[in-house]
Amino acid sequence: MIPALYKRIDGKNYRHIYIVGDLHGCKSLLDEQLNKMIFNPSLDLLLSVGDLADRGPDSVGCLKLIRQPWFSCVRGNHEQMAIDAVNEQNISRWLRNGGDWFYALESEDQEQAKALILEADSLPHVIELTTREGKRIVVAHADYVSDEYVFGRLLDSYEIIWNRDRINHALAGRYQPVAGADAFYFGHTPVEKVMQFANQHYIDTGAVFGGCLTILQLQ
């Protein structure tokens with residue numbers, strides 16, 4: 001088991017805070033929405049549930065977001081597949097899941113993309129946001145695999161970026177709140193529209209599959 005990495009963010013440092021669903025290379029869709037919202041990178045923060053790259057038209061552009069001070073992201077399973085692949089592990093799995101864009105790049109562009117992917121290895125698996133109003137919001141890619149949130153709790157990072165048990169149970173009508181936080185936001189599993197079960201929100205609305213890109217305001 002590889003333990004999950006945690007990060008804390010204090011909402012008092014920002015005017016507005018937003019969260020975006022899985023990008024999967026859809027950089028132009030993101031830019032279009034941020035322009036409509038009059039997003040101010042000097043004052044505002046954009047959180048992401050991960051899966052920046054693969055399948056869409058601009059994986060490199062989306063990966064570059066991790067270098068922006070106004071952007072904070074949890075690690076998704078697609079980041080982890082890319083990290084593993086550039087370290088010569090499970091390359092075939094990444095190729096099966098949209099990583100072919102990387103191997104089609106010219107050598108110089110591939111080196112830039114590799115550097116970005118290696119930077120993604122420092123992304124946390126869990127972000128805890130405390131809003132200006134005092135709400136505790138937890139962001140993870142697929143699930144927070146415990147029925148009670150505790151910052152720094154020892155959890156399997158693989159399960160946090162891959163597990164679909166909670167949403168599958170919720171879709172079957174079996175769900176309950178996760179204790180320890182006011183709200184949880186997840187991506188990973190595409191849904192037609194934002195879905196909420198108790199205090200869990202699922203916001204991957206399948207932008208790369210012809211759906212919409214969801215951005216919600218948290219503060």
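## Cys 212

Cys 212 is partly exposed, because its relative accessibility is 42%. Partly exposed lies between buried (under 20% relative accessible area) and exposed (over 50%), with a 1.4 Å probe and protein chains only. The closest cysteine sulfur to that of Cys 212 belongs to Cys 26, 11 Å away, which is too far for a bond.

This is a predicted model: local features need pLDDT of at least 70, side-chain atom pairs count only at pLDDT 80 or more, and totals for chains, interfaces and linings use all residues. Residues are numbered from 1 along each chain as its sequence is written, and side-chain values use heavy atoms, without hydrogens and water.

The structure has zero disulfides. A disulfide is a pair of cysteine sulfur atoms within 2.5 Å. Cys 73 is in no disulfide; its nearest cysteine sulfur, in Cys 62, lies 9.9 Å away. Cys 73 is buried, because its relative accessibility is 3%.

## Helix H6

Helix H6 covers residues 107-119. Helices are DSSP runs (H or I, at least four residues), numbered from the N terminus. At 1.5 Å a residue, the 13 residues of H6 should span 18 Å, and its end C-alpha atoms are 18 Å apart, so the two agree. The expected span is 1.5 Å times one less than the number of residues.

Ala 113, Leu 116 and Ile 117 are buried in H6. They cover an arc of only 100° around the axis, so they sit on the same side of H6. The arc is taken from the directions from the helix axis to the C-beta atoms. Ser 107, Glu 108 and Glu 111 are exposed on the other side.

The cover over the buried residues of H6 includes helix H2 (59-63), helix H3 (77-86), helix H4 (91-96) and helix H5 (100-103). Contact here means heavy atoms within 4.5 Å.

Methods
Helices (H or I, at least four residues) and strands (E, at least two) are DSSP runs, numbered from the N terminus.
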